[in-house]
Amino acid sequence: MTPDRASAWRRRRARGVDRLVEGLSRSLGGGTWSRRSFLSRAAVVGSALAIRPVEYALRPGTAYDAVCGTLAGCGDPFTAFCCTINNGVNLCPEGTFVGGWWKADRSAYCRGAARYYVDCNGTTRSRWRCHCPDDHTCDRRKVACNVFRYGNCNLQIANFSTAVVCRVVTCTPPWEWDATCTETAFVDQATGSQSAPCLPRPWPSPILMKWSDLGGAGSPLGAQVSRTASLPDGDGTWARFEHGAIYDVHWAGLYGVVDPVWPAVATRVGREGIGYPAHDVIALQGGIGWAQPFVNRAGSRQGVDAEAVGRRGLGTYVVTGAVLAKWHGLGGVDGPMGYPTSDTAPTGDGLGTYGEFRKVGRGVRSSEGAIFAHPVIGAHAMRGPIFEKWSALGGQASPLGLPASDQLGLGSPRAYLNEFATVVSGRVTSHGAVVTSDLGTWAVWSWVFSEWVAQGMQHGRLGVPTADVHPTPDGLGQFAPFSPLAGATETTGGGIITSGQGTWAVLGSLFAVWRADEAGPRVLGVPSGPEVDSTVGGVALRSQPFLRGSVYSSQVGQGCVLYGPILAAYLGDGGPPGSLGLPTSSVVTEPDGDEVATFQHGTLTYVPGGGVTRT
Amino acid sequence: MTILHTAGISLPVPRGWEARGRVGGALEGGGVAYPALHLATCALTGDRAAYGGGVVERLEPDGCFLALVEFAPSSAGTALFAERGLVRRLRAHWFAPSALQRAIPGQLGVQRFFSEGARALCLYVVLGGAAAIATRLPEVNDVLAHASIHAAVRA
């Protein structure tokens with residue numbers, strides 16, 4: 001990654017939702033590296049001893065002494081390097097903290113760039129006592145003797161009365177190497193020639209230099225297990241280590257990929273995969289999580305093409321492309337989606353991509369979700385109960401299809417929805433929604449959804465769904481019931497029923513009449529038209545036609561169901577405006593089989609085989 | 001009396017002492033140097049380090065080096081810089097042979113971090129030897145007693 005792009009990535013990670021990003025702790029066993037990594041690092045110290053024994057053995061003579069540079073004796077004023085006293089590990093040892101830093105410019109040890117010296121001060125309970133290393137090394141400088149604090153790291157630690165135990169050296173600026181360090185700089189060129197046998201020689205290879213910066217023998221990489229090799233297309237070089245690799249890519253930078261990221265990306269690093277690392281791994285949320293960006297020059301318009309993100313207990317997954325951009329837009333690990341629980345993968349139609357996520361909160365139930373990015377309907381996220389409902393209905397194969405909106409508030413507490421769409425041959429063929437509220441989490445789609453939209457959705461008289469779309473009892477259609485969040489009334493709530501007769505809303509008490517009929521005689525069938533509201537003789541009337549009957553509801557007769565010959569005769573008389581007036585009862589079948597219905601101005605009786613008579 | 005003025009900090013310079021100040025600025029290759037004021041009873045070379053590297057090695061047993069080093073304004077008020085104001089009098093027993101950035105036999109040092117006027121600073125004093133406690137410490141305390149640190153000017 002270019003410096004500009006790297007800093008942009010860090011800035012993005014640092015702002016807003018990622019404020020909790022913390023740098024790597026550079027003490028052994030620090031917060032970033034897992035216990036397993038720590039144990040691995042301890043083990044590789046032994047490997048380093050086996051691989052480079054000459055650097056740990058007694059080497060008398062001036063040539064060897066020259067490795068340590070000037071003022072390397074016990075009586076000299078300076079402090080020993082940490083790798084000298086810490087089994088080759090170029091990190092602050094246990095019982096110390098990063099107390100401050102200075103630099104020497106134009107250092108051969110950093111290939112002509114600045115070399116940084118980081119003091120590891122003892123903690124107040126430190127076991128370190130003033131002494132000098134034995135004569136098995138030429139770095140016989142003091143250990144834990146100089147009580148001094150540079151003062152530009154770990155400013156939250158007030159203590160400046162403990163000694164500098166040892167010094168770490170790095171070619172990485174300390175404020176990048178350890179997030180507790182500030183950019184307040186001190187220069188001391190007099191220390192520029194000081195070194196130790198356990199540190200790289202002048203003009204090291206970039207990969208060796210990087211390995212040393214990551215801790216050397218104590219780094220999470222472990223020992224080098226392959227020769228440095230060229231990358232394809234002349235991109236640079238790389239080398240394998242026990243627990244990862246270091247890549248030196250001309251256009252991406254010099255970065256290590258280590259456990260726990262390495263196992264998740266090992267087979268995919270490169271132009272044909274997720275690209276090359278564009279930054280070292282960084283710790284998230286106090287070391288609970290981690291992230292590392294990757295870029296592929298061929299497609300790095302947005303700065304980062306892929307990001308390996310992980311969390312303790314969840315593992316590491318690679319998030320890419322539009323899903324990555326959407327996830328960052330929602331706040332990354334600190335946003336509502338949390339950490340990835342899958343790699344970004346193609347959608348079922350092969351046109352889009354998706355990834356699954358989990359938000360893990362303290363003391364609260366984990367919330368799962370997913371982000372879908374599709375060229376036809378865009379990139380959208382869903383989570384929690386809505387995601388669970390969508391999954392239960394079949395996920396991508398469900399009648400809902402893919403999310404077509406983010407989670408939207410419905411203007412009431414705990415009430416949200418996601419819109420969905422199905423796509424066939426590059427075109428949206430159907431819409432739907434999952435709505436979650438105090439009335440439950442339910443899905444509506446296709447014609448039922450369209451009618452709900454036409455009725456004003458949650459703001460209309462229907463309110464929100466109280467069940468998924470499901471078949472009508474008579475099997476003639478499908479329907480979903482609805483209710484306002486505040487509860488249904490005579491004229492609100494109801495249902496939407498779709499069938500070969502069209503799709504119609506049946507509101508309030510009329511829906512209750514229909515459901516009772518479906519549960520019993522089934523004389524009405526599915527609705528065949530909209531509710532008609534009118535006033536007849538000064539009386540308000542609600543009526544709605546169904547496949548085999550009609551419902552009339554007024555002050556003089558609520559929920560009156562007419563059907564068959566009596567309905568035909570009533571309509572033949574002119575219906576509500578006719579001479580019979582409004583119905584005052586439903587059609588009732590008497591014990592002898594006759595059917596009777598009463599009206600404001602008469603009664604209609606149907607005698608099977610004898611026709612309808614009016615009295 | 002000569003007074004050293006650098007970056008809003010004024011230090012009286014005892015007779016026979018040398019004084020130099022640096023205003024700081026962005027450094028090549030990254031990092032930012034902040035003002036540093038140095039007083040010493042020996043010559044202050046151009047390549048001296050902020051905490052006296054290159055100078056303390058040449059201190060006579062009765063010599064003295066004083067550094068007042070500033071840090072990034074964001075450091076002010078942090079735990080390390082919690083002490084309020086420049087100490088105006090150093091006590092002899094505060095000096096210790098271990099309290100040195102460079103452990104040079106015979107020398108004694110003291111270091112104090114503090115905040116003043118929304119600025120974060122560190123006072124670091126090195127005495128060339130025990131003999132300097134009687135001869136130089138009064139001069140150091142006179143410097144501290146008459147030092148002034150103006151509040152940071154916000155951009």
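The legends below describe close-up views of a predicted model with chains A and B.

**View 1. The contact between chain A and chain B in the predicted complex.** On chain A, 30 residues are in contact with 31 residues of chain B. The side of chain A that touches chain B comprises 17 nonpolar, 7 polar and 6 charged residues. For the complex, the predictor reports an ipTM of 0.96 and a pTM of 0.77. Chain B has a mean pLDDT of 95, with 98% of its residues at 70 or more.

View 2. Helix α11 covers residues 508–519 of chain A. Because 12 residues at 1.5 Å a residue should span 16 Å, the 17 Å between the end C-alpha atoms of the helix agrees with expectation. Its buried residues are S509(A), L510(A), F511(A), V513(A), W514(A) and D517(A).

**View 3. An open antiparallel sheet of 4 strands in chain A.** The strands follow the order β33-β34-β35-β36. At the edges lie β33 (588–589) and β36 (611–614), each of which pairs on one side only. Strands of a sheet pair through backbone hydrogen bonds.

**View 4. Strands β34 and β35 of chain A, with helix α12.** Strand β34 (residues 595–599) runs antiparallel to strand β35 (residues 602–607), and 5 bridges join the two. A597(A) has L604(A) in β35(A) as its bridge partner. Helix α12 (residues 564–572) of chain A packs on the sheet and touches β34, β35 and β36. The direction of helix α12 makes about 140 degrees with that of β35(A).

How values were computed. Residues numbered from 1 in each chain as written. Chains lettered and ligands numbered in written order. Predicted model: local features only at pLDDT ≥ 70, side-chain atom pairs only at ≥ 80, totals over all residues. Expected span 1.5 Å × (residues − 1). Buried ≥ 20, exposed ≤ 12 C-beta atoms within 10 Å, placed from the backbone. pLDDT = per-residue confidence, 0-100. Contact = placed C-beta atoms within 7 Å. Nonpolar A, V, L, I, M, F, W, Y, C, P; charged D, E, K, R; others polar. Pairing = 2+ DSSP bridges. Axes fitted to C-alpha atoms, helices over the stretch in contact; angles between N-to-C directions.
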